[in-house]
Amino acid sequence: MASPKPPQDLIPNPFIKKRNLQWTLTSPKPPSPSPSSSPPTTSAIESGKANITDPLTHFTTHLTQHTLPSPTALLPIHAYNTLYSSSLTCQSSHFVIHQHDHPIAGLHYDLRLQINPSSSASWAIMYGPPGDPNSVRLNRNATETRVHSLWNHLIETASSQTGSLLIWDTGTYTVLPRRSKHAPLEDPASQKSSADDRTQQQLLQEAFRNRKIRIHLHGARLPENYVLNIRLTKTEDAEGRAKSSRRPRKRRRVRTDPQTSEGDTSDEDIVPRGKEMGKDASAMEAELQELEDEEIRRTNAYPGASNTIDSIHQRKWYLSLDREACGFEERKEGGRTVWRMPSATDEEHEEGDAMQRLSFPFYVRGVEHERSVVTARRAEDIMRDEGVGKFVRRKGWLPVLN
């Protein structure tokens, strides 16, 4: 293709005005790269409104940025990273205890036990794990909640709608065999049964099905010999299953049309609970949210988790300290029965430059005192780091100190 002639060789057009010839063509500038979107908040990830492809990297980075220099946390970030990385198989048995200060449900402690490579069963314990064998409230109500994703074990978050969430303790668990007073004594010389070859997840599934779980928690904060009994009565099991099979209640909106009598409704006026998303939400968003909520209710599992143990929402279990397995001995003192640790004194550790492992007896004291085992933060620290202000706590929670 021949190159164009220079301007002086061109014949001017007498019909074109001179001012129209005095212009230049400038090549357009390349579009500036758009600023990278800020990472989603921890509360958005925890609620399922935002998705991340690598939860471990995301949350370990987030926790590292908010770790307090003093007191030193019991479980450093790199150790927690290793612990969690080893919990993504069917052979692992990871647990976490979250301190959750919810504005409506109030302060409680969530115990979550891994049931498959991606999910964990969950119980909400009102006063936290028991630590005094002679407590007046040794038995604790443990309400079964929905199955959570395993990456939820990594979360420390806060929002004005859901309150604060911190990692109170974490580690692995061992499912212990049930001890029945009618069972024959085991011969130490006998060979191990084939049941010993099963994974902890399989043993937990069987214990869950039998409604009696005896579990040893190997945490960073809890005492080394810390064993719990979690049981579900036949009555609570039946009531929980009956409650879960009920259809969600529907809210009825009464028309104000004068041609319609007061109280009359039609199919268009029936609005399922949770469908009203706000004035700015579109009909499509409301429909998707309704379908998601229905799927969560049907499976009793949050997105990313699978309910493989037939977990039932809101069933009431009972949790107690297995005093004999923890090493306590039964004694008679002053005409009453007490449980004592052999050659041990009752003492509590004061907070210094480093957090210390708990020893019996211990008491869970609530948001003003308890710290994260990973970042050493209190609930107010997490609120501040997440930029949450004007949070109103539910009143009335008191620790069990006797």
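**A friendly note on a charged patch and some aromatic pairs**

1. Let's begin with Arg-231, which sits in strand β8, the stretch covering residues 227-231. Please keep in mind as you look around that this is a predicted model. The relative accessibility of Arg-231 is 40%, so this residue counts as partly exposed, because that class lies between the buried limit of 20% and the exposed limit of 50%.

2. Now look for the neighbours of this arginine. Arg-231 belongs to a patch of positive charge on the surface, where it gathers with Arg-178, Lys-212 and Lys-234.

3. Next come the rings. The structure contains 10 aromatic pairs. One of them joins Trp-123 and Phe-208: the ring centres are 6.1 Å apart and the planes meet at 55°, so this pair is tilted. It links distant parts of the chain, with Trp-123 in strand β3 (residues 119-125) and Phe-208 in helix α4 (residues 200-209), 85 residues apart.

4. Another tilted aromatic pair is made by Tyr-226 and Phe-362, at 5.9 Å centre to centre and 45° between the planes. This pair also links distant parts of the chain, 136 residues apart: Tyr-226 is in the loop between β7 (212-219) and β8, while Phe-362 is in the loop between β13 (336-340) and α8 (379-385). Both Tyr-226 and Phe-362 are buried.

Note on methods. Residues numbered from 1 in each chain as written. Predicted model: local features only at pLDDT ≥ 70, side-chain atom pairs only at ≥ 80, totals over all residues. Heavy atoms only, no water. Patch = residues over 30% accessible without salt bridge, like charges linked within 9 Å, V, L, I, M, F, W, Y side chains within 5 Å. Areas by Shrake-Rupley, 256 points an atom, 1.4 Å probe, with all protein chains shown as cover. Salt bridge = Lys/Arg side-chain N within 4 Å of Asp/Glu carboxyl O. Lys, Arg positive; Asp, Glu negative; His and termini not counted. Charge placed at Lys NZ, Arg CZ, Asp CG, Glu CD. Helix = DSSP H or I, 4+ residues; strand = E, 2+ residues; numbered from the N terminus. Buried < 20%, exposed > 50% of the residue type's maximum accessible area, 1.4 Å probe, protein only. Phe/Tyr/Trp six-rings, centres within 6.5 Å; stacked < 30°, edge-to-face > 60°.
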